[in-house]
Amino acid sequence: LTSGLEAAWTKLKGEEVLTKENIVEPMRDIRRALLEADVSLPVVRRFVQAVSDQAVGVGLIRGVKPDQQLVKIVNDELVKLMGGEVSELVFSKSGPTVILLAGLQGVGKTTLCAKLANYLKKQGKSSMLIAGDVYRPAAIDQLVILGEQVGVPVYTAGTEVKPSEIAKQGLEEAKKKKIDVVIMDTAGRLQIDKGMMDELKEVKKVLNPTEVLLVVDAMTGQEAAALVTTFNVEIGITGAILTKLDGDSRGGAALSVKEVSGKPIKLVGRGERMEDLEPFYPDRMAGRILGMGDVLSFVEKAQEVMRQEDAEELQKKIMSAKFDFNDFLKQTRAVAQMGSMTRVIGMIPGMGKVKPAQVREAEKNLKLMEAMIEAMTPEEREKPELLAESPDRRRRIAKDSGKTEQQVSQLVAQLFQMRVRMKNLMGIMEGGSIPTLSN
Ligand code: GDP
Ligand code: MG
């Protein structure tokens, strides 16, 4: 999927605005890429339409390229499509919360029972598992072993009792023991069939569950939409859990769930270990599907931090090599606001990889610089040349900020170096010399 989308962005490089014409090709690539990721066709159609409608005529943010902006729009739509926010599990206000797990064979239901119990334990909730897969004795043993592993009781009644009867007995037992959450494992089939659905309906009637969660393997392809629809229509689900997200799949199935059922994905499984269960974050999933997390956070942060005018003014100053200590302070503070230096530096095109040690050093320097700049007069901040020319001024600043004269000299030199470097970055090679400091 990534390579397809990358092609889409590449086609926009050099464009100034997003228009009906210039997004046609990128949108075709996006469409193809989503289909390749096994998102179902109707979902893809609606998605592409929504993105196109939004992209055309959108107000461009200064300093953000159109291709980056299209990434942002695609991302926001993906997030919306997947429900926007994190959807928490719902708990019953009186009596035990009952969670019924349903899904095809081998998707990870039995494993999930224990993972879920483990997850809830961390939230201070007690659970009990009910072994409802009566077709394979091994399935019951598997659940018992997993229950032991995470330290929660497992209710079993063998393979001769109907699942709905086991559910009833298990629930009574849980009520007696004042268990907070009851998790019911059920049998899956390789394909949807009437027998499985009827059994689930019966179990559901007996349990009156708080949550009916459809367990979906992240590798499920085009059929995810039909699968979710059928389970939702037949038994009625309250949400889904996506498993095996640790595999190669980009998780195209995730896009279909909310769109076709109106029900959110609540949790994701990322491995076979008991700890590998976490809430479903639509924004992270979108990033995974797009494979462009860094560009996205850059655009977002740029939007938050740099108001249009500021960016414009800064650009002018860089062009004319007038970048002064006020800008320097504003920039360093904006960068600090933009979150950890590690991420930001990684995002700036052309800056390449920076080692963590260098980053920590940079963060330390930032504090040091702030102190020295604050000790400057407004005139000195605007005309760094004054500081280059006068050792007296540098000495005063050193004294007032509690730093050494050498540190002040370094800061001044750094500003001039930055002027040159920034101009070069903007593609202007001439001008901007580094003055030598007089003593
Ligand atoms: P069920 O038939 O739906 O009950 O599926 P199981 O719980 O028996 O799981 C089937 C297989 O998938 C087992 O080998 C599990 O260890 C494995 N499995 C379950 N969840 C995950 C997951 O999130 N990631 C990976 N890699 N494997 C998983
Ligand atoms: Mg099972």
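What packs over the buried side of helix H6 (residues 137-150)? Contact here means that the C-beta atoms of two residues, placed from the backbone, lie within 7 Å. The names H and E come from DSSP runs numbered from the N terminus, with helices (H or I) needing at least four residues and strands (E) at least two.

This is a predicted model, so local features need pLDDT of at least 70 and side-chain atom pairs count only at pLDDT 80 or more, while totals for chains, interfaces and linings use all residues. Residues are numbered from 1 along each chain as its sequence is written, and chains are lettered from A and ligands numbered from 1 in the order in which they are written.

A residue counts as buried if 20 or more other C-beta atoms lie within 10 Å of its own, exposed if 12 or fewer, and partly exposed in between, with C-beta atoms placed from the backbone.

Val 43, Val 44, Phe 47, Val 51 and Ala 55 are buried in H3. They cover an arc of only 95 degrees around the axis, which puts them on the same side of H3. The face turned away from that buried side carries the exposed residues Leu 41, Pro 42, Arg 45, Gln 49 and Asp 53.

Here are the lengths, where the expected span is 1.5 Å times one less than the number of residues:

| Helix | Residues | End-to-end C-alpha distance | Expected span |
|---|---|---|---|
| H6 | 14 residues | 21 Å | 20 Å |

The protein chain has 20 helices and eight strands. An open sheet of eight strands runs in the order E3-E2-E4-E1-E5-E6-E7-E8, with mixed pairing. Its edge strands are E3 (154-155) and E8 (277-279), each pairing on one side only. Two strands pair if DSSP finds at least two bridges between them.

Take strand E4 (residues 181-186): six of its six residues are buried, so E4 is largely enclosed by the rest of the structure. Val 181, Ile 183 and Asp 185 point one way from E4, and Val 182, Met 184 and Thr 186 the other way. E4 pairs in the parallel sense with E1 (residues 97-102) over four bridges, and six bridges join it to E2 (residues 127-132), again parallel. Val 182 is the bridge partner of Val 98 and also of Met 128. Elsewhere, E7 (residues 265-269) and E8 run antiparallel, joined by three bridges, and Leu 267 is partnered with Pro 279 in E8.

**Two residues to look at**

Is Glu 211 buried or exposed? Glu 211, in strand E5 (residues 211-217), is buried, with 20 other C-beta atoms within 10 Å. Leaving aside neighbours within four places in sequence, Glu 211 is in contact with Leu 89, Val 90, Ile 99, Thr 238 and Gly 239.

Thr 159, in the loop between E3 and helix H7 (163-176), is partly exposed, with 14 other C-beta atoms within 10 Å. Not counting residues up to four places away in sequence, Thr 159 touches Val 134 and Pro 137.

**Around the ligand**

A residue belongs to the surroundings of a molecule if its C-beta atom, placed from the backbone, lies within 6 Å of it. Ligand 1 is surrounded by 18 residues, the closest being Gly 108, Lys 109, Thr 110, Thr 111 and Gly 269. Helix H5 (residues 109-122) gives the most to this shell, with three residues.

Methods:
Arc of directions from axis to C-beta.
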